[in-house]
Amino acid sequence: MSGARNEIQKSMENIRATADMKRNTLFYLEAQRTKKNRGILQHKQSMTMRYAMAVICIFLLAGAGGYQVYRRPVSYISIDVNPSIELAVNRFDRVVSAKGYNADGEDILQHVSLKNISYLQAIERLLQDAYYSRFLNRDSQLVVTVVSEHSDVMMEQINENDSFRALDAMTYSSDTACMAEAHQHEMSFGKYRAFLELSQYDESITVEDCHGMTIGEIQNRIKTCQGHSGSKTTEKHSNGHSGRHGHH
Amino acid sequence: MKSTEDVNRVMEAYADMVRRICFVHLKNRHDTEDVFQNVYMKYLLYEGSFESSEHERAWFVRVTINACTDWLRALSRRKWVPLDALAEEGTVLDDPAKEVLEAVLKLPEKYRDVIYLFYYEEYTAVEIAKILGKKENTVYTWLSRAKDILREKLGGEWS
């Protein structure tokens, strides 16, 4: 047994890995290591880039989604004197669009920027504007009409504005159906609500007639029809809201 | 991935053994060099750890045998006898050693492994069974048959 072992060992002991074989293999392994490391690095860089792109996409999507939410109006405010202006308000109470519904309204919006501020700030800015103030005289009437699921809250907040109260202005609420109908007639829904109210007393009145009238004139006609002859303030409800909404 | 220090260490420790296992399986130096590199490449990429130096040595034996087998299978050369390798080593071998090696290399492949591992690396049959993933009785049988063949050819100590 040991003799056989000795013979095998003796026969094979000179079979050895040569220096070249070891050196070449070590060189090959180092080259492979470098290649692998570069691959891993590239893979890491690739993964980092992918993560960065994913994060950017998430932000873009979130941003796009957030922007969609931001720009989507949930409430509308019609501000009528003679200038008729409508504000679209998002869920953050920010004005996302403003549109004039007659020449004076369009003209005002050329001078006053009302977008991307709260609707209370927009109303305040409008009332403080010198150009707009020209329409606010003792014979005029400022009427603010709100279409919103939270119209009561919005009207209360508007009525708390000192400038608004000083003008003895009036607030009403309306609805989207009335607003859509008003827009078909190229009229602000605040003025259209007043028209609808007047038309209940005066069947001869038309939308075209109201186009040529200020909101104050329509309000005065309503008062006349209602048989009241007192001052504007006595006509207002205690909280400044109208009990009559523009439903029809 | 194993460190450069580890690779250098196992190169010194197992290079000759890996070379000998390749020698008993493969036809020529080129094949040996390729399989030799493959074995060390497997080590470089091996993520596991070894419990002991014996464990590590057995890993090299098993991986080298498998690498040789895979190499031969890939080349569809399983039936040849690696005498070319012997011819390449002829310059460093004396006649008695060459005769023994020639007899060993003419053994069927499975016998070559057990003869080499049993006589040269001095593994027990139990250890060889574990390394090769065979039953102990199979290893005993292979050893017995391999010794019978060598005894027939070489006589002498094998008788």
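This is a short walk through a structure with a chain A and a chain B.

Thanks for coming, everyone. A word on ground rules: this is a predicted model, where local features need pLDDT of at least 70, side-chain atom pairs count only at pLDDT 80 or more, and totals for chains, interfaces and linings use all residues. Residues are numbered from 1 along each chain as its sequence is written, while chains are lettered from A and ligands numbered from 1 in the order in which they are written.

Let's begin with chain A. Five of its strands form an open sheet, in the order S3-S2-S1-S4-S5, with mixed pairing. Strands here are DSSP runs of E with at least two residues, helices are runs of H or I with at least four, and both are numbered from the N terminus. Two strands pair if DSSP finds at least two bridges between them. At the edges sit S3 (95-100) and S5 (170-173) of chain A, each pairing on one side only. From one strand to the next, the twist averages 20°.

Now look at S2 of chain A, residues 84-90. Five bridges join S2(A) to S3(A), and the two run antiparallel. Within that pairing, A:Val89 stands opposite A:Val95. Across S2 and S3 of chain A lies helix H3 (residues 103-111), at about 135° to S3(A). For such angles, axes are lines fitted to C-alpha atoms, for helices over the stretch in contact, and the angles run from 0 to 180 degrees between N-to-C directions.

So where do the chains meet? In the contact region, 22 residues of chain A touch 26 residues of chain B. Contact means that the C-beta atoms of two residues, placed from the backbone, lie within 7 Å. On the chain A side, the elements giving two or more residues are helix H1 (2-12) and helix H2 (19-71).

Over to chain B, which has eight helices and zero strands. Of its 159 residues, 36% are buried, meaning that 20 or more other C-beta atoms, placed from the backbone, lie within 10 Å of the residue's own.

Which residues of helix H7 (residues 125-132) of chain B are buried? They are B:Ile128, B:Ile131 and B:Leu132. These cover an arc of only 85° around the axis, which puts them on the same side of H7(B); the arc is taken from the directions from the helix axis to the C-beta atoms. Their cover includes helices H3 (53-75), H6 (109-120) and H8 (136-154) of chain B. After H7(B) comes B:Gly133, with a positive phi near 70°.

Technical notes. A residue is buried if 20 or more other C-beta atoms lie within 10 Å of its own, exposed if 12 or fewer, and partly exposed in between; C-beta atoms are placed from the backbone.
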